[in-house]
Amino acid sequence: MRFCYFFLFLGFSISLSAQKKAPAKPAVDPIEAKVNALLAKMTLEEKIGQMTLFTTGWDVTGPTISGNHEQEIKNGKVGNVFNAHTVDFVRKIQKLAVENSRLKIPLLFGYDVIHGYKTIFPVPLAEAASWEPEMAKLSAQVAARECAAAGVNWTFAPMVDIARDPRWGRVVEGSGEDTYLGTKFAVARVQGFQGDLSGPESVIACAKHYAAYGAAQAGRDYHTTEMSDRTLREVYLPPFKACAEAGVGSFMTAFNDLNGVPASGNKYLIRDILKKEWNYKGIVVTDYTSINEMVPHGYAADNKDAARKALIAGVDMDMEGSTYMDYLKALLAEKKVTISDIDDATRRVLRQKFRLGLFDDPFKYINNEREKKTILRADHLEASREVARRSIVLLKNNGDILPLKKGLKKIAVIGPLGNSKVDMMGNWYGAGDAANCVTILEGIQKAAESGTQVGYYKGCDVNSKDTSQFAAAVKAASEAEFVILAIGESGDMTGEAASRSDIRLPGVQAALLAAIVQANPNTAIVLMNGRPLDLSNIVDIAPSILEAWYPGTQGGHAIADVLFGKYNPSGKLPITFPRSVGQVPIFYNMKNTGRPMNEGKYTSKYIDIPNTPLFVFGYGLSYTKFEYLEINTNKAVYDVNSFVKVNVTVKNTGKVAGEEVVQLYVHDIVGSVTRPVRELKGFQKVKLEPGQTILIQFQLTPKDLSFVRLDNTFGMEAGKFEVFAGGSSSATISSTFEMK
């Protein structure tokens with residue numbers, strides 16, 4: 001008996017020991033368990049339905065959906081809809097799915113909410129000019145709150161393309177030319193749109209356009225992109241990677257081909273980098289019909305071949321092209337695609353629907369009372385005004401003619417954009433209504449002192465050769481004490497399919513400016529535009545230039561706040577303004593050449609204009625002045641794994657309080673591959689009272705000093721570095737340190 005007990009005890013002990021040593025099983029993600037359980041019940045057609053996205057239409061009665069799509073939703077063959085908004089319409093479509101389809105899977109409703117839904121904020125390029133990512137986060141939060149109240153649960157934003165060619169119309173949708181700045185704004189917008197996705201005021205965001213769309217040849221929309229893998233990874237991919245790390249719910253593929261392979265069929269971009277290297281678990285959706293467009297690209301024989309290549313590349317959802325709906329079932333039967341790829345794509349879509357809580361409440365975003373209370377709330381309008389004035393950049397202010405002096409009796413607002421409501425919104429303005437916009441004229445009338453006369457004279461149209469209205473405008477200018485001249489591009493001259501070969505002021509606006517300034521030198525130019533303009537023919541004439549971009553619903557008030565000195569402008573350019581389109585693409589963090597520009601002939605320069613731009617990246621004036629007194633690092637030599645502490649001393653030497661964006665740039669002097677002349681690696685916006693001096697501290701991490709090295713690994717190299725600080729990318733004070 002003892003023998004038996006001994007072995008029983010021994011067996012029990014071994015069993016306990018094995019239990020102790022066995023690795024703990026990872027906890028099952030409750031969402032993944034639900035996704036897998038639902039997937040197991042789905043037919044092939046239902047899976048393909050989740051991979052399909054169709055648009056609604058629009059007529060005089062409002063949004064519509066075709067009878068075919070209605071039936072397809074009822075049959076579970078369409079799992080996602082875009083351009084559907086307003087609670088009543090979204091409720092109608094959601095009911096088709098959850099009351100009629102076999103598995104009652106709710107729909108995603110996508111919409112282009114780029115810089116506001118009803119309350120329109122400044123265009124994204126303008127928001128980047130604030131150099132305050134928290135402003136972009138605030139803008140996205142308000143936009144999400146409003147569109148979610150209208151039934152939308154998915155926005156096709158943010159656009160995080162780095163763009164260095166102002167001819168490209170879509171430069172207006174991004175954060176400019178710099179990877180570091182663009183990445184900060186990309187993450188802020190994702191956080192603003194999504195929050196934690198727990199409540200009905202957050203929506204799924206979409207990082208677009210993946211990838212390198214902003215580098216289209218000749219600045220022409222949808223055009224070819226060619227670049228090295230090093231440039232792709234150093235310049236164009238970091239904002240996307242940061243969005244993935246921030247948990248963005250979806251990515252959108254680009255229209256362009258990259259090095260010969262269209263983005264929607266680019267396995268290297270989607271499967272290899274995004275899904276495998278970055279371990280991304282969200283949805284990859286195409287841009288509008290971009291799978292079909294692989295046929296005219298010359299990359300696919302027909303739409304069926306394009307569908308096959310898109311799925312193999314890793315595209316999860318077909319926007320509007322119908323290629324997955326039409327061909328995936330046959331392609332699977334022909335063993336040209338795999339069920340595992342279809343299942344993976346379906347999982348990704350279902351995962352986001354569970355994240356949003358749509359299976360618990362398909363009508364979570366559909367509430368008439370919330371829609372009424374949320375749209376155009378007073379705090380939303382105030383937020384729009386605040387972001388707008390922080391986005392305005394003062395480019396020139398000769399003789400400190402701004403802010404406007406008190407006691408003015410007559411102000412003339414002149415120019416085609418001075419009283420245009422629709423142009424305040426720019427492009428891609430969601431469900432914005434021009435009637436809700438405050439124009440420049442209205443803002444000035446509201447802000448002007450009692451007894452000040454404010455008149456408006458158009459002068460000309462934006463893009464016209466007609467000068468017949470000049471005379472009246474010039475007469476008004478000569479009789480006024482001060483002129484506000486509102487000129488630039490109309491809102492529809494930027495955005496998608498709005499590339500321009502000539503980026504000077506369109507029409508006869510430059511001639512109008514010359515005539516007005518001659519009649520009254522007390523003239524301030526208010527520019528409205530969605531790209532850098534070539535201002536070389538007017539910059540010497542204009543006494544003062546205020547870059548207002550397209551400032552949104554409350555833009556007129558924001559511009560007036562700056563003109564009258566209620567707000568001291570603090571914006572800085574997020575993108576370079578060239579002297580000539582012949583310099584394009586031009587950007588601050590270029591690389592040096594073996595023959596840098598000097599007085600000799602055989603050096604890298606133009607023979608007709610300087611190499612330098614008209615206005616550099618990071619540039620922007622204030623109504624006060626700032627002096628950079630000192631920059632130093634706490635040590636001269638660091639270990640390669642150390643953090644570098646940089647101290648910068650700045651003083652407000654002017655007579656009024658103001659905010660300055662203190663910018664930190666680094667130059668890796670010698671590398672295994674050539675490095676840019678300087679790169680932005682830190683910035684802080686600080687407010688200083690007159691005469692105040694402040695010490696600002698930055699910290700450079702090893703990652704900040706890393707790059708794609710000669711062997712294609714990412715990391716830092718030992719050596720000497722130069723660090724610059726200033727109010728723009730042309731900062732002059734510097735210090736050096738060494739990494740060993």
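Which residues does S499 touch, not counting residues up to four places away in sequence? I will start there. This is a predicted model, so please keep that in mind throughout.

S499 touches R167, W168, G169, G219, R220, D221 and R531, with residues up to four places away in sequence left out. S499 sits in the loop between strand 16 and helix 20, the latter being residues 509-519. At 33% relative accessibility, S499 counts as partly exposed. Two polar contacts of S499 go to backbone atoms. The side chain of S499 reaches the backbone oxygen of G219 at 2.8 Å, and a polar atom of that side chain lies 3.2 Å from the backbone nitrogen of D221.

R531 was on that list of contacts, and R531 also has a charged partner. E489 forms a salt bridge with R531, with 2.6 Å between the closest N and O atoms. The pair links distant parts of the chain. E489 is in the loop between strand 16 and helix 20, and R531 is in the loop between strand 17 (523-528) and strand 18 (544-547), 42 residues apart. E489 is buried, with a relative accessible area of 0%, and R531 also counts as buried, at 0% relative accessibility.

On to the other salt bridges. The structure holds 41 of them. One of these joins K208 to D112, the closest N and O atoms being 3.6 Å apart. K208 lies in strand 7 (residues 206-210) and D112 in the loop between strand 5 (108-111) and helix 6 (124-128), so the pair ties together parts that are 96 residues apart in sequence. K208 is buried at 2% relative accessibility, and D112 is buried at 16%. R170 and E173 form another salt bridge, at 2.7 Å between the closest N and O atoms, and both residues are buried.

Now a charged residue without such a partner. D704 is buried yet has no salt bridge. The nearest side chain of opposite charge is K681, 5.2 Å away, and a salt bridge needs the nitrogen within 4 Å of the carboxyl oxygen. D704 lies in the loop between strand 24 (693-700) and strand 25 (707-708). A polar atom of the D704 side chain lies 2.9 Å from the backbone nitrogen of T701. Not counting residues up to four places away in sequence, D704 touches Y180, K681 and Q699.

Helix 8 is mostly covered, with 12 of its 16 residues buried. Among the buried ones are L181, F185, V190 and F193. D178 caps the N-terminal end, where a side-chain oxygen lies 3.1 Å from the backbone nitrogen of Y180. Just after the helix, G195 takes a positive phi of about 55 degrees.

Last, the nonpolar interior. In soluble globular proteins, nonpolar side chains tend to be buried together. The largest nonpolar core here has 80 residues, and I414, I440, I484, L535, W549 and L563 have the most contacts inside it. Strand 16, residues 482-488, gives the most to this core, with six residues. Apart from it lies another core, of 78 residues, among them C147, V190, I204 and V349. V190 is one of the buried residues of helix 8. As for I440 in the largest core, its contacts include L417, M424, I484, V526 and I559.

Notes. Residues are numbered from 1 along each chain as its sequence is written. This is a predicted model: local features need pLDDT of at least 70, side-chain atom pairs count only at pLDDT 80 or more; totals for chains, interfaces and linings use all residues. Side-chain values use heavy atoms; hydrogens and water are left out. Helices (H or I, at least four residues) and strands (E, at least two) are DSSP runs, numbered from the N terminus. Buried means under 20% relative accessible area, exposed over 50%, partly exposed in between (1.4 Å probe, protein chains only). Lys and Arg count as positive and Asp and Glu as negative; His and the chain ends are not counted. A polar contact is a pair of N or O atoms within 3.5 Å; within protein, one must be able to donate a hydrogen and the other to accept it, and residues adjacent in sequence count only if both atoms are side-chain atoms. Contact means heavy atoms within 4.5 Å. A nonpolar core is a set of buried Ala, Val, Leu, Ile, Met, Phe, Trp, Tyr and Cys residues joined through side-chain atoms within 4.5 Å.
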